[in-house]
2 protein chains.
Amino acid sequence: MQNKRKLAKTISKIENEHSDYETILKNAWKKNIGSAYRIGITGPPGAGKSTLVNQLALQLSEQNLKIAIVSVDPSSPFSGGAILGDRIRMRELALKPNIFIRSLATRGSLGGLSIKTQDICDVIDSFGYDIILIETVGIGQIELDIVDASDITVVVLVPESGDDIQSMKSGLMEIGDIFVINKADRDGANSLAINVSSMLQLKQQFKKIKNYNIPVIKTIATKNENIDLLLEQVLKYKTILKNNNNWYLARKKRVENKINELIFSRVIDNFWTNERKILLQDNLNKNNISKNTPHRIFEKLLNIK
Amino acid sequence: MQNKRKLAKTISKIENEHSDYETILKNAWKKNIGSAYRIGITGPPGAGKSTLVNQLALQLSEQNLKIAIVSVDPSSPFSGGAILGDRIRMRELALKPNIFIRSLATRGSLGGLSIKTQDICDVIDSFGYDIILIETVGIGQIELDIVDASDITVVVLVPESGDDIQSMKSGLMEIGDIFVINKADRDGANSLAINVSSMLQLKQQFKKIKNYNIPVIKTIATKNENIDLLLEQVLKYKTILKNNNNWYLARKKRVENKINELIFSRVIDNFWTNERKILLQDNLNKNNISKNTPHRIFEKLLNIK
């Protein structure tokens with residue numbers, strides 16, 4: 001519990017962009033992180049992602065593993081959204097000593113959210129967690145950034161989303177390593193499963209991993225139905241990743257992301273000398289702005305130090 | 001029509017990041033853009049945003065104004081989503097000589113989408129459009145970036161969104177300059193309107209503009225009910241913006257955004273010399289990556305040219 005409290009405090013510093021931000025990350029990385037399996041769960045609002053995450057975490061926690069749940073979905077019960085019953089279940093989960101739950105505010109730009117999510121997962125990783133479940137809301141393709149932070153992406157759909165999903169489908173179809181049709185006792189579950197499978201057949205050339213057939217699994221998360229089957233596939237995928245170099249590639253990508261973030265901050269900081277700041281404000285004042293264009297001001301900025 | 005076709009082609013170049021990207025923007029800005037009134041319409045999926053935008057565009061087009069609709073909502077009929085009836089109405093709209101419609105793919109990072117949306121609006125502005133209606137899906141606070149591109153943000157809610165809206169509310173409450181309760185003939189419209197109004201009362205200290213009372217308007221977009229009322233408020237707000245310096249501040253913000261984008265591209269491009277690229281790849285290879293941290297590689301990159 002002590003450990004969980006410390007982790008929570010550290011994450012808060014990351015979220016609030018505390019002055020220790022980079023020191024925390026620097027120290028986390030020194031611990032040779034990278035062993036945690038990062039599982040992204042995404043899908044439209046109301047697909048039952050939180051309940052699914054809940055069940056997965058419960059089953060995993062019985063295997064003597066340390067599990068973290070990170071939610072970046074504002075409508076998730078993990079974030080205080082959704083209905084009371086869900087929230088109570090989440091609270092029970094949070095009491096287990098080997099389960100850590102954290103919701104992230106989506107305040108601010110998503111670009112920033114992407115690297116922050118990764119940084120937070122890195123911190124969790126450095127605290128010795130084995131599995132990180134990352135729940136994100138999937139609307140169109142805007143979840144792509146956060147998918148970068150995961151080793152596997154589970155796309156959760158529901159029969160009744162119908163038309164909505166139709167329009168989101170192309171985005172979600174591209175990122176799913178496993179598909180779940182949740183609430184599978186409702187009308188249309190079978191036909192959606194068939195639809196998804198045949199779309200996946202068509203998209204075979206985009207496969208990240210050769211000879212891997214993306215499974216489509218029908219679940220009823222509220223009744224804990226087929227969650228074991230899903231879990232089996234999720235864990236099997238980890239072995240596949242390791243056998244196919246993709247485990248390394250995902251880590252490489254994250255190191256690159258972090259380096260780019262460090263470069264960005266440093267180089268942009270260096271650019272904004274006092275002289276340049278003054279020049280910018282002078283060119284942006286009410287009298288001058290209409291005589292200027294961003295491109296002209298940019299050229300002026302480049303011409304001084 | 002000729003003009004519209006040329007505009008469409010130019011926007012495609014922006015979307016596809018054509019090599020002429022910055023030249024196009026540079027030329028657009030030279031035309032002293034900034035007179036177009038940029039109206040953001042956001043809200044949860046299924047709130048009827050597209051129908052509302054449709055009606056607003058129709059009424060505005062009768063005032064002898066040039067109207068553009070930019071949709072960054074993948075489930076919008078403007079983007080080919082939603083039901084057939086909607087799409088047919090959109091097509092009728094597109095046939096009017098003074099209405100231009102364009103949907104943007106949300107592919108790629110949202111950070112990039114934000115500046116792209118602004119750039120596209122700048123191009124539209126340079127083609128002499130008076131009004132730009134920007135439709136975005138509002139989930140949590142992820143629409144914030146795109147709000148930056150607008151002079152006014154209209155938040156569209158519906159009675160039945162209930163719990164969902166509850167959890168999104170804080171984000172949407174902060175960005176709305178006008179609130180619309182659409183589908184107001186359904187149960188719960190009045191209580192939602194009262195709820196929203198009282199939340200707005202509580203948040204009065206966050207007001208962007210003193211003495212401006214944020215209106216909450218009940219509409220039925222499909223029946224064209226109260227759209228005139230909404231339009232009146234939207235146009236009134238433009239006068240308020242101009243009287244309160246906020247019209248200038250929004251433009252200043254956009255010039256700054258664009259300058260920052262230009263700096264970012266240039267400075268990052270300059271950073272990545274061939275030597276640094278080689279050093280990075282060398283440090284990221286399978287043998288070296290585990291001995292490294294992003295921070296250590298970053299320091300190495302800084303130490304060479």
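Buried residues account for 46% of the 305 residues in chain A, where buried means that 20 or more other C-beta atoms lie within 10 Å of the residue's own, exposed means 12 or fewer, and partly exposed is in between, with C-beta atoms placed from the backbone. The model is predicted: local features need pLDDT of at least 70 and side-chain atom pairs count only at pLDDT 80 or more, while totals for chains, interfaces and linings use all residues. Residues are numbered from 1 along each chain as its sequence is written, and chains are lettered from A, ligands numbered from 1, in the order in which they are written.

**Exercise 1. Chain A in outline**

Task: State how many helices and strands chain A has, and what share of its contacts between residues at least 6 apart in sequence joins residues at least 24 apart.

Solution: 
Step 1. Helices (H or I, at least four residues) and strands (E, at least two) are DSSP runs numbered from the N terminus. Chain A has 12 helices and 7 strands.
Step 2. Two residues are in contact if their C-beta atoms, placed from the backbone, lie within 7 Å. Of the contacts in chain A between residues at least 6 apart in sequence, 77% join residues at least 24 apart.

**Exercise 2. Leu7(A)**

Solution: 
Step 1. Leu7(A) belongs to helix H1 (residues 2-15) of chain A.
Step 2. Two helices of chain A

Task: Describe how helix H11 (residues 274-284) and helix H12 (residues 294-303) of chain A cross, and which residues meet there.

Solution: 
Step 1. Axes are lines fitted to C-alpha atoms, for helices over the stretch in contact, and angles run from 0 to 180 degrees between N-to-C directions. The axes of H11(A) and H12(A) come within 10 Å and cross at roughly 155°.
Step 2. That angle makes H11(A) roughly antiparallel to H12(A); angles under 35 degrees count as roughly parallel, over 145 as roughly antiparallel, 65 to 115 as roughly perpendicular and the rest as oblique.
Step 3. The crossing of H11(A) with H12(A) is right-handed, a term used if the near helix is turned clockwise from the far one by less than a right angle, and left-handed if anticlockwise.
Step 4. From H11(A), Arg276(A), Leu279(A), Leu280(A) and Asn283(A) meet Ile297(A), Lys300(A) and Leu301(A) from H12(A). These residues divide into 4 nonpolar, 1 polar and 2 charged, where Ala, Val, Leu, Ile, Met, Phe, Trp, Tyr, Cys and Pro count as nonpolar, Asp, Glu, Lys and Arg as charged, and the others, Gly among them, as polar.

**Exercise 3. The sheet of chain B**

Task: Give the strand order of the sheet in chain B and explain why S3 and S7 have one side without a neighbour in the sheet.

Solution: 
Step 1. Two strands pair if DSSP finds at least two bridges between them. In chain B, 7 strands form an open sheet in the order S3-S2-S4-S1-S5-S6-S7, with parallel pairing.
Step 2. Strand S3 (99-103) and S7 of chain B stand at the edges with a single partner strand each, so one side of each has no neighbour in the sheet.
Step 3. From one strand to the next, the twist averages 20°.
Step 4. H9(B) lies across S1, strand S5 (152-157), strand S6 (178-181) and S7 of chain B, and runs at about 170° to S6(B).

**Exercise 4. Strand S4 of chain B**

Task: Find how many residues of strand S4 (residues 131-137) of chain B are buried, and which strands are joined to S4(B) by bridges.

Solution: 
Step 1. In S4(B), 7 of 7 residues are buried.
Step 2. In a regular strand the side chains alternate between the two faces of the sheet. Ile131(B), Leu133(B), Glu135(B) and Val137(B) point one way from S4(B), and Ile132(B), Ile134(B) and Thr136(B) point the other way.
Step 3. Strand S1 (residues 37-43) of chain B runs parallel to S4(B) and is joined to it by 7 bridges. In this pairing Ile39(B) stands opposite Leu133(B).
Step 4. Strand S2 (residues 67-72) of chain B also runs parallel to S4(B), with 6 bridges. Ile67(B) has Ile131(B) as its bridge partner, and Ser71(B) stands opposite Glu135(B).
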